[in-house]
Amino acid sequence: MGGVVLAAAAVLLAAVVAVAAAELVPVTDKDLESEASLWSLYQRWLSVYNGSLDLVEKPSRFDTFKENARHINEFNKREDEPYKLGLNQFSDLTEEEFDSGMYTGAMLPEDAGNVSLSSSTVDDDKLLASAAGKVPAKWDWRRHGAVTPVKNQRNCGSCWAFSMVGSVEGINAIKTGKLRTLSEQEVLDCSGAGTCKGGDPYRAFDHAISPGLALDQHGNPPYYPAYVAEKKKCRFNPRKPVVKINGKRMMRDTTEAQLLCRVYKQPVLVAIEANRAFSRYSKGVFTGPCGTRLNHAVLVVGYGTTANGVDYWIVKNSWGKGWGENGYIRMKRNVGTKAGLCGIYKTPMYPIKNK
């Protein structure tokens, strides 16, 4: 693994690996004392998350915001929970609005199997469990130069593109020693795997196999237009540099040990249920409640254990750095269910790249 560590990784990630981001808009008992104090809190929140909201819409949004603020404040007083909630970009949305798929977007085919599209030799995931005792007690691909900065899908159900691109960025960095930021907009425009109403991340891997993924607007020079949170006409240019993979694999109904070993080898895309509790997450080790209605694709980039012995996954989300722990969530491992927390073990998938 030593060869995959980029020279600048330790310096680059000094701030990124900080456990929790400061709350952008904290909520306290004083904020909830009166309608006036709540309105003041709402104005502060608007200035950070949604300053352009029109006056006609503000009153109804304010009612929803008040309910969310009260719930968050009460939940955070509980000493029996290992995580905290916080105000974020979803705090004026109703449960129905969040569940619309605009901020999630994973759509998985019922017949997706545990198959590989590569002729290269691939580790048998069923044998990974036997190696569980040989992996480090903690691992974080951010510290080993295989994770790009947190991105934001915004109000577009394109998590399927962000998670797939993140997994390809990871394996490409591991195999080449160079971390490249790739284009979700290209995948949205050109892959045929989905739209802003949702998509299939497993199918999207086919676009990374051929014709490949272009560098995004952060490339030097830029090779594909910036992400705009809507599907546009495909502008892919095969004559410009692209990153390719050789195949893909889905670990259907995997186990804790198998996923642990695979994450030690590379960042892994997982589909989970992102519900209201998940959307309000701020910091700590998330324990739910959540089910297995898979609607959101995210990227597992590591794992660890807290000082008091709680095992967790390190999960990169695509809701911007202002959500969760600098854009990440720590999700509890070893929850005692076959599907894992929020269904995380049901359909993990990852790209295959030869040297």
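The largest cavity here has a volume of about 110 Å³. This is a predicted model, in which local features need pLDDT of at least 70 and side-chain atom pairs count only at pLDDT 80 or more, while totals for chains, interfaces and linings use all residues. Residues are numbered from 1 along each chain as its sequence is written, and side-chain values use heavy atoms, leaving out hydrogens and water.

**View 1. The largest cavity and its lining.** Rolling a probe the size of a water molecule over the atoms shows where empty space is left. Here, a cavity is a set of points, on a 1 Å grid over the protein atoms alone, where a 1.4 Å probe fits but cannot get out; lining residues have an atom within 4 Å of a point. Grid points are joined across faces, edges and corners, and the volume is the space filled by probe spheres set on the points. Helices (H or I, at least four residues) and strands (E, at least two) are DSSP runs, numbered from the N terminus. Nonpolar covers Ala, Val, Leu, Ile, Met, Phe, Trp, Tyr, Cys and Pro; charged covers Asp, Glu, Lys and Arg; the others, Gly among them, are polar.

**View 2. The second largest cavity.** The count comes to two cavities of 30 Å³ or more, and this one holds about 30 Å³ of space. Its lining is made up of Asn68, Gly86, Asn88, Phe90, Ser91, Arg276, Ser279 and Arg280. That's one nonpolar, five polar and two charged residues.

**View 3. Helix H6 meets helix H8.** The axes of H6 (residues 159–176) and H8 (residues 201–209) come within 9 Å and cross at roughly 50°. That makes the pair oblique, the label for angles left over once under 35 degrees is called roughly parallel, over 145 roughly antiparallel and 65 to 115 roughly perpendicular. Axes are lines fitted to C-alpha atoms, for helices over the stretch in contact, with angles running from 0 to 180 degrees between N-to-C directions. On the H6 side, Trp160, Ser163, Met164, Ser167 and Val168 touch Pro201, Ala204, Phe205 and Ala208 of H8, where contact means heavy atoms within 4.5 Å. This contact has seven nonpolar, two polar and no charged residues.

**View 4. Two cis peptide bonds.** Most residues other than glycine have a negative phi, and most peptide bonds are trans. The bond from Ser210 to Pro211 is cis, though, with omega near 15°, and Pro211 sits in the loop between H8 and strand S5 (213–214). Gly288 and Pro289 are joined by a cis bond too, with omega about 10°.

**View 5. Positive phi at Asn326 and Cys342.** Asn326 isn't a glycine, yet its phi is positive, about 55°. You'll spot Asn326 in the loop between strand S11 (311–316) and strand S12 (328–332). For Cys342, phi is near 60°.

Methods: On a 1 Å grid over the protein atoms alone, a cavity is a set of points where a 1.4 Å probe fits but cannot get out, and a pocket is an open set with protein on both sides within 12 Å along at least five of seven lines; lining residues have an atom within 4 Å of a point.
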